[in-house]
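Hi,

Here is the structure I said I would pass on. Have a look at it first, then read my notes below.

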Amino acid sequence: MWADIVSQATQEEPALLRKNPDALLAQREDGLTALRFHDGHPIAHATLWHLADGWYELGTVWVARSHRGHDLSAELYRDLFRDHPERNILATTTNPASLRIGIRVGMRCVPFRALPASVWRETCCCPFAKTGSDDNVSACRQRESRCFVRVTEQTWWRLGQPAEIDFCALL
Ligand SMILES: CC(C)(COP(=O)(O)OP(=O)(O)OC[C@H]1O[C@@H](n2cnc3c(N)ncnc32)[C@H](O)[C@@H]1OP(=O)(O)O)[C@@H](O)C(=O)NCCC(=O)NCCS
């Protein structure tokens with residue numbers, strides 16, 4: 001079943017948070033998932049995880065190794081942004097390839113402090129080993145040097161068009 005394969009991928013890919021098949025199935029039933037299949041097998045997956053106060057995080061973005069490099073993940077981003085224009089959507093990453101994909105689909109890179117406090121706290125859930133802090137909102141050694149938050153165009157307008165970060169100059 002597709003959810004078992006995607007769940008397995010979340011255990012094998014270091015950039016992904018582990019997710020169990022039931023959670024992935026529930027996301028799809030709620031209309032929050034974009035998927036692609038090839039010969040009946042899942043080859044690409046992305047979903048919107050609820051964070052707090054009606055905000056969602058684009059996550060569990062995965063493309064099967066055999067299908068990478070064909071812009072499939074950007075297609076999934078576009079599907080989800082088209083289907084959920086009314087939702088506030090963010091994505092965080094330390095992966096330069098993912099940053100470039102976000103630019104291609106029109107996401108805006110903003111400071112974490114532009115997010116509502118509850119949302120910032122919810123998305124910055126990385127472990128001490130990665131951030132060097134038990135309170136990632138107060139201090140995080142990755143923030144805006146390696147880790148960036150992007151929001152959809154509609155979300156950026158709803159936030160009041162905060163100043164954008166030119167992360168290309170920082171990487
Ligand atoms: C990150 C990921 C979703 C990108 O998916 P994708 O559909 O291949 O994305 P793209 O086609 O836009 O390619 C992304 C980059 O990988 C490069 N690439 C090309 N062929 C590739 C291959 N066979 N394998 C890996 N990367 C490849 C592309 O050139 C591109 O680089 P660029 O941005 O400098 O042009 C995918 O590599 C993946 O599933 N990685 C593991 C999970 C992960 O890291 N998820 C993102 C967490 S933030």
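**What I found**

Before going on, a word on the model: it is predicted, so local features need pLDDT of at least 70 and side-chain atom pairs count only at pLDDT 80 or more, while totals for chains, interfaces and linings use all residues. Residues are numbered from 1 along each chain as its sequence is written.

Now the strands. Helices (H or I, at least four residues) and strands (E, at least two) are DSSP runs, numbered from the N terminus. Two strands pair if DSSP finds at least two bridges between them.

- β1 (residues 33-38) runs antiparallel to β2, and six bridges join them. His38 sits opposite His41 in β2. Two residues lie between the strands of this hairpin, where Asp39 has a positive phi near 50 degrees.
- β2 (residues 41-50) also pairs with β3 in the antiparallel sense, over six bridges. Here Trp49 is opposite Glu57 in β3. This hairpin has four residues between its strands, and Asp53 in the turn shows a positive phi of about 50 degrees.
- β3 and β4 (residues 88-93) run parallel, joined by three bridges. Trp55 faces Asn88 in β4.

How buried are these strands? I call a residue buried if 20 or more other C-beta atoms lie within 10 Å of its own, exposed if 12 or fewer, and partly exposed in between, with C-beta atoms placed from the backbone. Nine of the nine residues of β3 are buried, so the rest of the structure largely encloses that strand. For β2 the count is seven of the ten residues, so β2 is largely enclosed too.

Next, the ligand. A residue is near a molecule if its C-beta atom, placed from the backbone, lies within 6 Å of it. There are 19 residues around the ligand, and Ala15, Arg68, Gly69, Leu72 and Ser73 come nearest. β3 (55-63), α3 (72-83) and α4 (96-104) each give at least two residues to this shell, and α4 supplies the largest share, four residues. By type, the shell has nine nonpolar, six polar and four charged residues.

Which residues does Ile101 touch? Leaving out residues up to four places away in sequence, they are Ser73, Ala74 and Tyr77, where a contact means C-beta atoms, placed from the backbone, within 7 Å. Ile101 lies in helix α4 and is buried, with 21 other C-beta atoms within 10 Å. Its C-alpha atom is 7.7 Å from that of Ser73, 28 residues away along the chain.

Finally, the whole protein. It has seven helices and six strands, and 34% of its 171 residues are buried. Its C-alpha trace spans about 45 × 35 × 30 Å along the principal axes. Among contacts between residues at least 6 apart in sequence, 61% join residues at least 24 apart.

Key
Nonpolar A, V, L, I, M, F, W, Y, C, P; charged D, E, K, R; others polar. Contact = placed C-beta atoms within 7 Å.
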